[in-house]
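Here is a brisk report on backbone geometry and residue surroundings. Please have the chain at hand.

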Amino acid sequence: MARRAATANRRKSAAKATTVRPAPRKPAPRKSLMKRAAPKLSVAKLGKQVVVSHADPKSFKGDGLRAFFEYRDLGLMGVTGGRVHAHVVRAVPGKHADAPRHWHDLDFQFVYVLKGWAIFDYEGYGKVKLTAGTMVYQPPRIRHKEIAHSDDLELIEITSPGEFATHTAV
Ligand SMILES: [Fe+2]
């Protein structure tokens with residue numbers, strides 16, 4: 001009995017820790033993505049070299065999408081022919097999120113929080129506070145907005161393709 005209750009509790013907490021919800025609406029036709037130059041991932045087409053990127057605070061650059069973040073490129077663009085981009089994103093202390101509600105024209109987006117916290121508002125999901133250990137899969141083209149983040153926020157973001165357009169949501 002106790003074992004059954006413990007198993008049920010584990011299932012409940014696992015369900016709380018990971019939430020998967022459907023995209024709020026059927027995505028619009030994506031002809032532009034279907035014809036894009038970067039094809040689907042294929043083992044045969046990926047580079048054969050090992051890529052190792054060690055932590056180095058000096059490798060963060062303020063040349064990314066948002067001025068309130070700094071970005072450390074993990075070096076996957078070359079080896080994947082531009083199909084995959086991975087970077088570490090960290091907050092610039094004292095700068096606050098001021099980006100409008102927006103969406104990204106991509107096929108895959110994954111976020112994993114390493115340190116600190118951030119609050120996002122995802123279309124069809126609502127506001128959620130991400131903390132260390134939180135993973136988010138953002139479906140293609142989902143409208144979202146960052147509300148706030150801590151000065152020590154640090155996260156990993158992986159996207160495919162590596163380069164993509166970002167549009168302000170209307
Ligand atoms: Fe975004």
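In which loop is Arg-141 found? The model is predicted. Arg-141 sits in the loop between strand S7 (135–137) and strand S8 (144–149). The phi of Arg-141 is near 70°, a positive value in a residue other than glycine. Most residues other than glycine have a negative phi, and most peptide bonds are trans. Arg-141 counts as buried because 20 other C-beta atoms lie within 10 Å.

A cis bond comes next. The peptide bond from Ser-160 to Pro-161 is cis, and its omega is near -5°. Pro-161 belongs to the loop between strand S9 (154–160) and strand S10 (165–168).

His-85 lies in strand S2, which covers residues 85–91. Why is His-85 buried? His-85 has 20 other C-beta atoms within 10 Å, and 20 or more make a residue buried. Leaving aside neighbours within four places in sequence, His-85 is in contact with Leu-76, Met-77, Thr-159 and Gly-162.

Lys-95 is placed in the loop between S2 and strand S3 (102–105). Lys-95 is partly exposed, because it has 15 C-beta neighbours inside 10 Å. Residues up to four places away in sequence not counted, Lys-95 touches Ala-67 and Phe-68.

Two C-alpha pairs bring these residues together with partners elsewhere in the sequence:

| Pair | Separation in sequence | C-alpha to C-alpha |
|---|---|---|
| His-85 and Pro-161 | 76 residues | 7.0 Å |
| Lys-95 and Phe-69 | 26 residues | 8.2 Å |

Note on methods. Residues are numbered from 1 along each chain as its sequence is written. This is a predicted model: local features need pLDDT of at least 70, side-chain atom pairs count only at pLDDT 80 or more; totals for chains, interfaces and linings use all residues. Helices (H or I, at least four residues) and strands (E, at least two) are DSSP runs, numbered from the N terminus. A residue is buried if 20 or more other C-beta atoms lie within 10 Å of its own, exposed if 12 or fewer, and partly exposed in between; C-beta atoms are placed from the backbone. Two residues are in contact if their C-beta atoms, placed from the backbone, lie within 7 Å.
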